[in-house]
There are 4 protein chains.
Amino acid sequence: MTRRRIPVAVLGATGVVGQRFLSLLEGHPWFRVSELAASERSAGKPYREAVRWLQSTPIPEEVQGLPVKRVGDDLDASLVFSALSSDVAGPAEEELAGRGHLVVSNAKNHRMDPRVPLLIPEVNPEHLELLDRQPWGSGGIVTNPNCSTIGIALALKPLHDAFGVGALHVVTLQAVSGAGVPGVSSMEMVDNVIPFISGEEEKIEHETGKILGVLQAEGVTAAQLRVSAQCNRVPVLDGHLASVSVQLEATRGPSEAEVMEALSGFRGRPQELELPTAPRSPIVVLDGEADPQPRRHRDLGGGMSVSVGRLRPCPILGWRFVLLSHNTVRGAAGGAILCAELAAAEGRVPGAPDSWPSGS
Amino acid sequence: MTRRRIPVAVLGATGVVGQRFLSLLEGHPWFRVSELAASERSAGKPYREAVRWLQSTPIPEEVQGLPVKRVGDDLDASLVFSALSSDVAGPAEEELAGRGHLVVSNAKNHRMDPRVPLLIPEVNPEHLELLDRQPWGSGGIVTNPNCSTIGIALALKPLHDAFGVGALHVVTLQAVSGAGVPGVSSMEMVDNVIPFISGEEEKIEHETGKILGVLQAEGVTAAQLRVSAQCNRVPVLDGHLASVSVQLEATRGPSEAEVMEALSGFRGRPQELELPTAPRSPIVVLDGEADPQPRRHRDLGGGMSVSVGRLRPCPILGWRFVLLSHNTVRGAAGGAILCAELAAAEGRVPGAPDSWPSGS
Amino acid sequence: MTRRRIPVAVLGATGVVGQRFLSLLEGHPWFRVSELAASERSAGKPYREAVRWLQSTPIPEEVQGLPVKRVGDDLDASLVFSALSSDVAGPAEEELAGRGHLVVSNAKNHRMDPRVPLLIPEVNPEHLELLDRQPWGSGGIVTNPNCSTIGIALALKPLHDAFGVGALHVVTLQAVSGAGVPGVSSMEMVDNVIPFISGEEEKIEHETGKILGVLQAEGVTAAQLRVSAQCNRVPVLDGHLASVSVQLEATRGPSEAEVMEALSGFRGRPQELELPTAPRSPIVVLDGEADPQPRRHRDLGGGMSVSVGRLRPCPILGWRFVLLSHNTVRGAAGGAILCAELAAAEGRVPGAPDSWPSGS
Amino acid sequence: MTRRRIPVAVLGATGVVGQRFLSLLEGHPWFRVSELAASERSAGKPYREAVRWLQSTPIPEEVQGLPVKRVGDDLDASLVFSALSSDVAGPAEEELAGRGHLVVSNAKNHRMDPRVPLLIPEVNPEHLELLDRQPWGSGGIVTNPNCSTIGIALALKPLHDAFGVGALHVVTLQAVSGAGVPGVSSMEMVDNVIPFISGEEEKIEHETGKILGVLQAEGVTAAQLRVSAQCNRVPVLDGHLASVSVQLEATRGPSEAEVMEALSGFRGRPQELELPTAPRSPIVVLDGEADPQPRRHRDLGGGMSVSVGRLRPCPILGWRFVLLSHNTVRGAAGGAILCAELAAAEGRVPGAPDSWPSGS
């Protein structure tokens, strides 16, 4: 009674996020990596020779010998994960959508495209319906938000639903894996912090509203909240930490217990559907006085749970807390896989059964 | 025509801040270290044997052989720098003041004491007059603010004078030297960030108003501004970085050029008096897109200048910028030495000439 | 048909190695943690309140509420793991042995005691027979070598068996977890390396000969090899790396392929017995030009495999290579658990069936 | 009576070593930076716009506005420092020598060229005479050894002179600045050590013999010593540490005091000539049990002194110790500047007075 798994392709397979896709897809119950693509330099080689592997688990056996294709080559897999860099992702993803593939992308290019869902399955699963309005026939594009935005928007969702969020002030301390390889030189990161990440603050400020927005006839209407983001790079491998202050709109301000309950009790569609990559608790509230911390808590829920700690009043905006999310799992590859699982479960993967996984 | 230097004692001389005092006082034109004191464990030993020296310059020759006294022993020096830990600093400092010493303290104990100036020489030099109202006769106590607060209050001063500061939202990324030794275990700091520093947020939130406050007949009236501080420990040796947002009260909001000019043009009493430790520019405005950075800019102005970069509008509070100050120089030992220089220049060091340094 | 697991006690349960014991024993098929003991300060509290947990996985549920006993209190468990510090381990372990417990210790106190096996189950399983000559009746003491020595001796074993090792020159780059908490201050470890670890070089130089020695009527006769060890502390969390040079005694020097085959083909008693914690390959030979690396390879074989790379001729001693082992898994808690598994399988755990695990 | 300084050009001025040249030459009493050259990408821009400055002191004012030339452009300065990468240094340096410039190079290309001195001014100043036999007319090439080799050879020199060195076993822990920018990615360096540096071990093994060699009619005859080098990259900014074992040939082995005296008492030609960059003590012997350490001791002697500590017997080779040298000062730019100072003092800089600095 073994069900056939859906074959998937991974674009940009040699990069840091591409490697994480392969690690997370090893032994996935629904998906099986059947094709890899990367830049010209890697094309033609078996994967194990093309990649400079940086993960702490070995290269999954099933992909070690897969030949690396060129981005742009024909692909058989109907489901394609894109970890392409933004300088090539835009047209490459549209072309694949046009050829009938469902592309789940971690690249920034189509995130703010009004036709494309900017998806966090727990937050705005209904945005997937935008796929019906895309111009690419049976194919389509779904995007994953920026690695910092995902954790922030996920933590905001229950607060926004319960109390309304009027303003969000966030200062991030981001891990170096977010910059890939070579990314940030170690000469710049030893005994140092860099208070700037190109384009990052704008992404957080722009994407949050769309994610929390309402799907309407004419598209997604962005939520109206003011966002101020300041981003720092710190010498941490994985895990973006954020010092967050929020202003709630509820006329009767909630109690600390109510805010905490809203966060820790939150469940979304992936939890209802019991999607394979869904963590039991999307938001884990910690009570240690110095929690969460990147090294200790980034792997909670297999790296898919967001951790929140130190909830307390903010003298300026009302509430503040510390937020942590794993930037290459929940914030990139894992988040995209969860998007694909939701798409599969809703019958939106071309060629796969409508009522996956039961209908097989 | 060599003038005699004022002999000074350093309490807590073996700790991280104590070591920094000795490094900075090496070759000081006005002060000469003549006595050292530390805990029972060190008492009686020559300094070089009592200390576990951690600075990157050698132990100054003039103190290597000085015998370490007990805290509480009689001291000859009329000027005393205190780098004592807060569990012993309170009564020890009062006792010394009562015996006629001027104590310039880096400890927190008397900072919020209404009789004691919380002094940043560029910001509130007039608060020194509180010395006249202290109950300790010819002795007295002057305190240095918290290491993070100093940089913040210094950068706020010209903005407060020119435009009024109504609210300050600050998230810090603080160096490990602020915790001393053993301080933060390396097991907690490798591949990690700790989003909590005990008591630090409260200090920033409480001290800032007093520093920017107005000296009146009944004491210092604190400035009315709302302050929200969130503090993180990062794997950096020296230099506290802060992501700062401020709300200005001026009805006509200033332009970016006006804010920048207020910051970079700021000069205070130490610059007028050309005190030995005063940097030419208390606030250095940098124009690199990723500046300031701890390792690259903490030593500007000999560690006494505060660096500001990335000035830009904040969608919530109005303005935001990145701030850096050297936590053990400007934020501790260097700041305290500058306080003492101001006191000396104003004839407030017992036994030293009134019009130091000219009157000798 | 679920077999009852052997109850075990963990002494020194709040320290870094103690925490690792609890993590590794979570869900262990043979052993169940039933008692914890630590210093006076922790005694009486439930474990979750007594410990400052530093692992990246949560505290195992089964021990969270266990009350922490005092070291010296009576214990019910016949098998006791000791992660005590060496200033208290000596008499405490002897007392427990005298009361009939089998103590498997990570402390250094009894390692060089001629009555006590210094055990690496793959290397010298026959040394367990020393238990029969111990003076403690049904109880006894087994020790785990020093964290650096374990990996080195394990890699030497097949070379010694096949070719004879005459000299070993080793320079280590050791992780900070080896020093525990507070251990090495982060102020000493940021942008730094410390070329000294108290007592470590002596341990490597003394223990290696005993481990590779021959059990004879009068005790273990140490192997005759000259050992030179130089130890450095580096800013790495887990994983001791070593640059190793060895001189082989075989008159016909082996080829590189023969050396490699001896290393990678090595299997020991734990592999034959398929002990639960035994890695499939005790020594993994890597072929990457810059392997092994602590962060990437320390978890191979669940942290129980030693990694070897860069095997090449040494102009002075003959052969050299790079060696990595996980210092708190194979080098401490995991190594000790494997010792206990061997003891259990050989019917040497008091009160447990002779032919564990089959005989139950 | 201000003497005119010798104008110098710096090639590869935007790289890490190039930046260090400019910092060290700021305010140099003999040399004045008058020209800069770098790759095509930087050509034509003022230096401050071409460089991504990484030093912790600001860009020297005198070079901020200097236009960056192309490597290969005509230069006016008769003395040229080359910090070019090895893929372009070879022909570029020969061409300049052929045009009459004295090139002092940090690149590896000509180091083992029998016509070219591989110079450490304290060690083999007489090798400068090779300049007389070079085929480039009034121009010539002098090279600086590899950054690790310099410190090692410098420490060996007095031991070789006094006792003869038969074998050298060295394991390095090297700083990331040695790899330049981008160099080692921070993703590879957080919580990690890399036991491989391309080409480094060969350089140490080959260069040491030439440096310690004897200048004879037919060229330099390399010293006969066996060298084994194993190189590791560690997360340290500056300062290469080495665990060194040496075998001395003296039939009567020296005492520890004699070895120590040979090291600490060593002085060379730069000290006799009082060259501006010469440290008072080329080798500083430290007595701290955990010294030297990169962050604390790399700046001794302005970064030009090599530190030695932990001298003790080695059970295999006889003696062992810990060695530290600043890789971008003594090991690169500072070392090259000292070479140029020696050349100037010996009248070997074309166009400069023969008896510099007195003859002006």
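The model is predicted: local features need pLDDT of at least 70, side-chain atom pairs count only at pLDDT 80 or more, and totals for chains, interfaces and linings use all residues. Residues are numbered from 1 along each chain as its sequence is written, and chains are lettered from A and ligands numbered from 1 in the order in which they are written. Chain A is divided into two parts, domain 1 (6-146 + 333-345) and domain 2 (147-326). Chain B is related to chain A by a turn of 180°, and to chain C by a turn of 180°.

**Domains of chain A**

- The bounds of domain 1 (6-146 + 333-345) and domain 2 (147-326) of chain A come from an automatic or database domain assignment.
- The C-alpha centres of the two domains of chain A are 24 Å apart.
- Their contact involves 29 residues of domain 1 of chain A and 30 residues of domain 2 of chain A; two residues count as in contact if their C-beta atoms, placed from the backbone, lie within 7 Å.
- Helix α11 (residues 329-345) of chain A supplies the largest share of the domain 1 side, seven residues. Helices (H or I, at least four residues) and strands (E, at least two) are DSSP runs, numbered from the N terminus.
- By residue class, the domain 1 side of this contact has 16 nonpolar, seven polar and six charged residues. Ala, Val, Leu, Ile, Met, Phe, Trp, Tyr, Cys and Pro count as nonpolar, Asp, Glu, Lys and Arg as charged, and the others, Gly among them, as polar.

**Sheet of chain A**

- Six strands of chain A form an open sheet with mixed pairing, in the order β10-β7-β11-β14-β13-β12; two strands pair if DSSP finds at least two bridges between them.
- β10 (226-233) and β12 (283-285) of chain A are at the edges with a single partner strand each, so one side of each has no neighbour in the sheet.
- On average, neighbouring strands of this sheet are turned by 25° against each other, direction ignored. Axes are lines fitted to C-alpha atoms, for helices over the stretch in contact, and angles run from 0 to 180 degrees between N-to-C directions.
- Strand β7 (residues 165-174) of chain A pairs with β10(A) in the parallel sense over eight bridges. Val171(A) has Gln230(A) in β10(A) as its bridge partner.
- Helix α5 (residues 147-163) of chain A lies across β7, β11 (240-248), β12, β13 (306-314) and β14 (318-325) of chain A, at about 25° to β11(A).
- Helix α7 (residues 200-211) of chain A lies across β7 and β10 of chain A and runs at about 150° to β10(A).

**Sheet of chain B**

- The open sheet of chain B has six strands in the order β10-β7-β11-β14-β13-β12, and its pairing is mixed.
- At its edges stand β10 and β12 (283-285) of chain B, each with a single partner strand, so one side of each is left without a neighbour in the sheet.
- β7(B) and β11(B) are antiparallel and pair over eight bridges. Leu168(B) stands opposite Val246(B) in β11(B).
- Helix α5 (residues 147-163) of chain B packs on the sheet, where it touches β7, β11, β12, β13 and β14 of chain B.

**Contact of chains A and B**

- Chain B can be laid on chain A with an RMSD of 0.0 Å by a turn of 180° and a shift of 0.0 Å along the axis. That is the relation of a two-fold axis. Copies are superposed by least squares on the C-alpha atoms of residues with pLDDT of at least 70 in both.
- The contact takes 34 residues from each of chain B and chain A.
- On the chain B side, β10(B) gives the largest share, five residues.
- The chain B side divides into 19 nonpolar, eight polar and seven charged residues.
- The copies meet through the same surface, because 100% of the interface residues of chain B are also interface residues in chain A.

**Contact of chains B and C**

- Chain B is laid on chain C by a turn of 180° and a shift of 0.0 Å along the axis, with an RMSD of 0.0 Å. The C-alpha of Ser186(B) is the nearest to the axis in chain B, 2.0 Å from it.
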